[in-house]
Amino acid sequence: MKPETPRDLALRILTEQHSRAVYSADALNAFFESSPYLDERDKAFTTNLVQGVLRWRLRLDWIIEQFSDFSLKKVSPRVLNILRLALYQILFLDRVPDSAAVNEAVMQVKKRNGRHVVSYVNAVLRNVCRRNDQIFFPDRAKDPVLFLSVYYSYPEWIVNKWLRELGVDFTERLLAAGNRVPVTTIRANRLRLSRESLIRHLEEEGVRAQPTAHCPAGLFLEDLRGRVDLLQSFSKGFFQVQDQAAQICSFLLSPHPGDRVLDVCAGYGGKTTHLAELMGDIGLVIALDLNHRKLLALASSAARLGIQSINQVVADASRSLSFLFAPKFDLIMVDAPCSGLGVISRHPDAKWKKKEEDIPRLAEIQKKMLHAAFSVLRQGRRMLYITCTISREENEGVVEHFLASQNGAYLEDLRENAPEWAKVLIDANGFFRTFPHVHQMDGFFGALFVRR
């Protein structure tokens, strides 16, 4: 059987995503594991194609419809994805000749479709190539929401939401930032080496690294070719892949050696391992999550990093936790499930998988988690609530509800307690807040509570 090309693999992933609730990153990893014949270059091209189509899907569909003789609703998902893949290469990839993109698309259609479909795909793509300068977008003056939605490729509900909460200019810059390919950011494991030593180790492996602008442990990787987890520095536990904003959260909670810490919704453990690292691996960090598979991956990461102070607990963080934990905690981090609107550049499929009605549902879960976690917090100690979204209902709205309904809780102004280097990221209300287009990192929100 002839191995699949990167274009064929990208088509299969996009088409299967249409009918399954699977995220592109998970689908890509699964396909790469089942396709050992692919080299790192092929994997990178496949990833570019999949993520690129997801990033620009709405704009691509808008353009295809201009050159189509009938509605795209009549086009099968597979054929539509063939058109999207080819059009993405034509419009966004300078190194791919237009003729190659068109010819590969035609060959893909021929495998399963008749002549009329082949002719349709060929005609649409060749017309786009010939009349590229005639592509038009919605009238910005008449319908600014539709224009921003199509031009930047976001569903209208996200555009409307951000326009209401953030204003026109801020929203447009935020939309543009969400379409940028994110740089790989890592956190030096300072239990094993300094950031400066890590830079030297990476240079020996042919990877340049630059210190991050804010976080004292972070590095941006440049000239990285291939997967980051194939580096020797990674296998030796010298670093963890983690965005700047996520790294900063652990510094805001500020754990010390000997503390008893609870990480609610620990997931794969980026923040969990960082908390343990900041404690010098002395004390106890409980990683709580409902997903057993994620906790197994967390345990593997902790072992690679040489961390032993983490214990994993499988539990639902939205239910009472007092029956699980008799001794209470000095510090708690609630990394609540959210709409993820602050990390769209890393997960472009979130644009299309999340719906407006998810926001109030998620906010209710977040409120339950805060109350459940607060019940196991010691008096006088701190709980940090964080999200990776840009949504008032899930951020300020949840904080206001919690303070109004939870006796004994008050909000601590992070401007007074954050490290000096982080204070520029604290807003006038004392919240930790980052935006991709302003701070060149993921969009995060954080609020620090104290039990009286």
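This report covers salt bridges in a predicted model.

## Basis

Local features require pLDDT of at least 70 and side-chain atom pairs pLDDT 80 or more, while totals for chains, interfaces and linings use all residues. Residues are numbered from 1 along each chain as its sequence is written, and side-chain values use heavy atoms, with hydrogens and water left out.

## Count and network

Side chains of opposite charge can pair when their charged atoms come close. A salt bridge here is a side-chain nitrogen of Lys or Arg within 4 Å of a carboxyl oxygen of Asp or Glu. The rule gives 26 salt bridges.

Salt bridges link D259, D330, R378 and R381 in a network.

## Pairs within helices

Helices are DSSP runs (H or I, at least four residues), numbered from the N terminus. In helix α3 (residues 40-66), K43 and E40 are three residues apart, about one turn of the helix. Their side chains form a salt bridge with an N to O distance of 3.6 Å. K43 is buried (under 20% relative accessible area; 1.4 Å probe, protein chains only), at 11%.

E364 is partly exposed at 41% relative accessibility, whereas K367 is buried at 16%.

## R319 and D316

The side chains of R319 and D316 meet in a salt bridge of 3.3 Å, N to O. R319 is exposed, with a relative accessible area of 60%, and D316 is partly exposed, at 26%.

How values were computed: Helix = DSSP H or I, 4+ residues; strand = E, 2+ residues; numbered from the N terminus. Buried < 20%, exposed > 50% of the residue type's maximum accessible area, 1.4 Å probe, protein only.
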